[in-house]
Amino acid sequence: MFRKYKRLIIYKIKKKNNIDFHEDSEKFTLDYLFNFYGSDKAHKFSGGSGHGFSEYYEKELKDKKNMSINILEIGSFSGASAAAFAKYFPLSKIYCLDINITKFIYKSKNIKVFGLDASNKNEILNFFNKINISKDDEFFDIIIDDGSHKLSDILFSFNFLFRNLKSSGHYIIEDYKYPNYFEHLNNCSDIKIDKLLYNLENKIPFTSSFFNREQQELLIKGIDKIKTYKGSGEHSDIAFIKKN
């Protein structure tokens with residue numbers, strides 16, 4: 001608890017770059033914005049080669065570009081992708097969740113930052129209370145899981161938060177195959193995400209300690225379509241799950 005408050009204090013006193021004073025322009029692509037703010041979702045960014053997810057974000061979400069939308073981002077780190085989304089979706093409100101918010105370097109009237117463990121049910125419920133929604137409210141138009149990439153965390157978040165999507169909303173899982181590639185992220189004996197998505201798309205029941213039969217049926221009925229893409233990196237995979 002002390003560490004959490006210490007991080008909050010550091011976040012509050014840390015000088016940040018106010019992106020509200022940056023140029024707004026329709027000509028900026030999402031890839032340009034990811035690159036400009038330093039997000040590895042771009043093909044290239046300050047750290048080198050990125051995941052190249054930008055083109056898929058634009059392809060799947062371009063219809064929401066000028067809509068008033070709510071975005072939930074799990075795993076925001078420095079806020080680079082949140083800053084890019086705030087510029088690309090100018091009418092959006094972006095809710096950023098990260099266990100360590102001391103790295104956050106951007107601010108905007110449209111970005112709200114919360115320091116919490118997104119795999120902790122009580123902390124998520126407390127977050128919902130702070131933004132005045134219930135655990136069953138369909139509030140978000142886009143939910144992005146770019147968090148720990150641990151299998152247990154991905155499964156927990158998807159099961160707990162998919163219900164909070166609005167109709168036609170997108171639940172996005174970045175690097176969803178990381179538990180397949182990296183043993184330390186395969187931290188539980190449960191269904192892998194690629195297999196989960198296959199079963200959901202093909203309406204096949206599966207065995208999981210995270211999803212009971214009723215929850216599986218609700219997911220199967222609630223999903224409109226699933227799109228998966230291979231990014232530009234060897235281990236770059238992204239899934240877009242659209243709600244009915």
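## Salt bridges

Lys 243 and Glu 138 form a salt bridge in which the closest N and O atoms are 3.3 Å apart. Lys 243 sits in strand β11 and Glu 138 in the loop between α5 and β8, so the pair links distant parts of the chain, 105 residues apart. With a relative accessible area of 10%, Lys 243 is buried. The model is predicted, and it holds 9 salt bridges.

Another of these salt bridges joins the side chains of Lys 41 and Asp 146, at 3.1 Å from N to O. Because Lys 41 lies in the loop between α2 (30-37) and β2 (44-45) and Asp 146 in the loop between β8 and α6 (151-161), the pair ties together parts that are 105 residues apart in sequence. Both Lys 41 and Asp 146 are buried.

Asp 141 and Lys 166 also form a salt bridge, their closest N and O atoms being 3.4 Å apart. Asp 141 belongs to strand β8 and Lys 166 to strand β9, 25 residues apart. Asp 141 is buried, with a relative accessible area of 8%, whereas Lys 166 is partly exposed at 27%. Salt bridges with shared partners also connect Lys 41, Asp 146 and Glu 174 in one network.

## The sheet

An open sheet is formed by 7 strands in the order β7-β5-β4-β8-β9-β11-β10, with mixed pairing. The edges are β7 (111-115) and β10 (223-230); each has a single partner strand, so one side of each is left without a neighbour in the sheet. Neighbouring strands are turned by 15° against each other on average, direction ignored.

Strands β9 (residues 165-174) and β11 (residues 237-243) run antiparallel and are joined by 5 bridges. Tyr 171 stands opposite Ile 241 in β11.

## Asp 98

Asp 98 is part of strand β5 (residues 93-98). Asp 98 is buried but has no salt bridge, and the nearest side chain of opposite charge, Arg 7, is 7.1 Å away. The side chain of Asp 98 instead reaches the backbone nitrogen of Ser 76 at 2.9 Å. Beyond its neighbours within four places in sequence, Asp 98 is in contact with residues including Gly 75, Phe 77 and Phe 114.

## Ile 131

Ile 131 is in the loop between α5 (121-130) and β8 (140-145). Ile 131 counts as buried because its relative accessibility is 13%. Not counting residues up to four places away in sequence, Ile 131 touches Tyr 95, Phe 114, Phe 139 and Phe 140. Tyr 95 and Ile 131 are 36 residues apart in sequence, and their C-alpha atoms are 9.4 Å apart in space.

Notes. Residues are numbered from 1 along each chain as its sequence is written. This is a predicted model: local features need pLDDT of at least 70, side-chain atom pairs count only at pLDDT 80 or more; totals for chains, interfaces and linings use all residues. Side-chain values use heavy atoms; hydrogens and water are left out. Helices (H or I, at least four residues) and strands (E, at least two) are DSSP runs, numbered from the N terminus. Buried means under 20% relative accessible area, exposed over 50%, partly exposed in between (1.4 Å probe, protein chains only). Lys and Arg count as positive and Asp and Glu as negative; His and the chain ends are not counted. A salt bridge is a side-chain nitrogen of Lys or Arg within 4 Å of a carboxyl oxygen of Asp or Glu. A polar contact is a pair of N or O atoms within 3.5 Å; within protein, one must be able to donate a hydrogen and the other to accept it, and residues adjacent in sequence count only if both atoms are side-chain atoms. Contact means heavy atoms within 4.5 Å. Two strands pair if DSSP finds at least two bridges between them. Axes are lines fitted to C-alpha atoms, for helices over the stretch in contact, and angles run from 0 to 180 degrees between N-to-C directions.
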